Amino acid sequence: MAVRRLRDAARKCADAGRGGAARPRPQFGRILQPGDDSLGAPAAVVASYGFWLRRLGADPSAVGRQIWLNGVAATIVGVAPRSFTGITDQPPAFWAPFASYHVLYSGSPLTRTSPVQVNVYGRVPPGSTRP
């Protein structure tokens, strides 16, 4: 099943490999890595399990395939496990690194002074206490 253009697919930006507890083991392929999260890096995405099942025909060879996001080719580098939804009950179609924000949302690349609201979530490691 070919996926050529995604216009209305739900998408989220995610930290590319710096968070330990929230990093799932991929069903196939790999998760986002720090090298994916730099301006100029080839656009990479991790597909949700549901997107992989419904839109990619549950094909393990979808990893490595390109999809088009706002006219830009992005490579599917992995598929999240079925149980992983990110921080919500309903997972997006895919996750991409913050450096790809401008690709996903047809805007300018994010900078330290970009007028964009970013919600940041984190986990406290087991056994940790608040300062």
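Start by selecting strands β4 and β7 (residues 94-97), which pair in the antiparallel sense over 2 bridges; pairing here takes at least two DSSP bridges between two strands. Helices (H or I, at least four residues) and strands (E, at least two) are DSSP runs, numbered from the N terminus. Zoom in on V46: its bridge partner in β7 is W95.

A word on what you're viewing: this is a predicted model, where local features need pLDDT of at least 70, side-chain atom pairs count only at pLDDT 80 or more, and totals for chains, interfaces and linings use all residues. Residues are numbered from 1 along each chain as its sequence is written, and side-chain values use heavy atoms, with hydrogens and water left out.

Are A44 and V46 buried or exposed? They are buried on one side, and V45 and A47 are buried on the other. Buried means under 20% relative accessible area, exposed over 50%, partly exposed in between (1.4 Å probe, protein chains only).

Then pick A74. Leaving aside neighbours within four places in sequence, A74 is in contact (heavy atoms within 4.5 Å) with A43, V45, R65, Q66, I67 and L69.

Last stop: A58, in the loop between α1 (49-55) and β5 (66-69). This non-glycine residue has a positive phi, near 55°, and is partly exposed, with a relative accessible area of 29%.
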